[in-house]
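Please examine the sequence and the three-dimensional structure shown below before reading the report.

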Amino acid sequence: MSKKINTTSIGLFIVTGVALGVIGLLLFSSSKLFTRTLDCVVYFDQSLNGLQEGAPVKIRGVTIGSVKRVMVRSNQATNDYAMPVIVELQEKLINERLGEPLTAFTGTWLDERVKSGMRASLQAESLVTGVLYIEIHRNPNLPPPVLHQIEPRYPEIPSEPTEIQALLDNLASLDIKGISTNINSLITRLDATVGEFKMADINAGITNLLASVNRLAASPDLTNALAAIRPTLDQYRELGAKVSSRIGPLADSVTNSLAEANRTLAQLRGAGENLRTMLAPDSPVRNDLDQALEQLAGAAQSIASLTDFLKQHPNALIAGRELPKSKP
């Protein structure tokens, strides 16, 4: 004999299951069941790959809602290819985390915020996974907003490209082929210019110049001339000390010093003649030495004239040279 079905147990089981389901729903969805929400729309001109329904909506990193629906077209012009996203803002989160009412995202209040630079943009939760979320921020330096809705069904928050998207757009607008062509042309011209240089001749000229300078520096005549100049300079130094203190026979010291200078200049003139024969005919060093020797010859003549004058007028160092009297 079969047992009767206990309908009471079955009903109690069903009621218990429904109660547990309601409790679980309340536990996992309590934030939305007991708070008001507001749907807004954002139109993006870029790809929405990585943006999923349920992704957070944040203001400066603080979550105030979530993505409700991602669409391809809705309530926009036929030539408008922006992609709409419906976002759901929660009143409780906005009150607790922003300290503002939900109406801050509706009506004239929203219009004023949009005019002051409130925009939405896509940001990456992780560069590895490519998961995106929507960030609402304020940028007062933006141009006037572009709205897409034909009929105002939802409060619309304008969007702006992300920094990465703007960078990619700028890179896409670059004429990479033209830049590559210009760089190749520049390299070709540089190669041709360098090829026109006669590096062997330049190296030979520099080597000859250095060899001439080396021979000049190692010349015994130049060494003797410089050695003879040093005692003369010492004598001039001693002469200056004597003149300043007015001690000793000034005229004799000056005469002796000038005589020594004449001998030294004669040695320098002989050394210059020797140096002329040492240098090559077309060497630049020879031209410089010729000019220097001519200046030294002029200095020798001037000193010789001064010596003759001091021999005739030894008191000129103290009394000075008399100026010719002007005629009445």
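**Basis of the description**

This is a predicted model, in which local features need pLDDT of at least 70 and side-chain atom pairs count only at pLDDT 80 or more, while totals for chains, interfaces and linings use all residues. Residues are numbered from 1 along each chain as its sequence is written, and side-chain values use heavy atoms, with hydrogens and water left out.

**Overall composition**

The protein has 328 residues, of which 27% are buried; buried means under 20% relative accessible area, exposed over 50%, and partly exposed in between, with a 1.4 Å probe and protein chains only. Its secondary structure consists of ten helices and six strands. Helices (H or I, at least four residues) and strands (E, at least two) are DSSP runs, numbered from the N terminus. A contact means heavy atoms within 4.5 Å. Among the contacts with a separation of 6 or more, 60% are between residues 24 or more positions apart.

**Pairing of the strands**

Two strands pair if DSSP finds at least two bridges between them.

| Strands | Bridges | Direction |
|---|---|---|
| β1 (residues 37-44) and β4 | Eight bridges | antiparallel |
| β3 (residues 62-70) and β4 | Five bridges | antiparallel |
| β2 and β6 | Three bridges | parallel |
| β5 and β6 | Seven bridges | antiparallel |

Individual residues can be located within these pairings. Val87 in β4 has Cys40 opposite it, and Glu88 in β4 has Ser66 opposite it. In β6, Ile134 faces Val57, and Tyr133 is the bridge partner of Gln123.

Why is strand β4 described as largely enclosed by the rest of the structure? Strand β4 (residues 83-90) is so described because seven of its eight residues are buried. Strand β6 is likewise largely enclosed by the rest of the structure, because six of its seven residues are buried. In a regular strand, the side chains alternate between the two faces of the sheet.

**The nonpolar cores**

A nonpolar core is a set of buried Ala, Val, Leu, Ile, Met, Phe, Trp, Tyr and Cys residues joined through side-chain atoms within 4.5 Å. The largest one has 27 residues, and those with the most contacts inside it are Leu51, Leu89, Phe105, Ile134 and Ile157. At least two residues of this core come from each of β1, β2 (56-59), β3, β4, α3 (107-115), β5 (118-124) and β6 (132-138). The most is given by β1, with four residues.

Leaving aside neighbours within four places in sequence, its contacts include Leu38, Cys40, Val57, Ile64 and Phe105. A second, separate core has five residues, among them Tyr43, Met71, Ala82 and Ile86.

Is Ser47 buried or exposed? Ser47 has 52% relative accessibility and therefore counts as exposed. This residue lies in the loop between β1 and β2. A polar atom of the Ser47 side chain is 3.2 Å from the backbone nitrogen of Asn49. Although Ser47 and Met83 are 36 residues apart along the chain, their C-alpha atoms are separated by 8.2 Å.

Tyr133 has Lys58 over the face of its ring, at 4.6 Å from the ring centre. A charge sits over a ring if NZ of Lys or CZ of Arg is within 6 Å of the ring centre and within 35 degrees of the ring normal.

Technical notes
A polar contact is a pair of N or O atoms within 3.5 Å; within protein, one must be able to donate a hydrogen and the other to accept it, and residues adjacent in sequence count only if both atoms are side-chain atoms.
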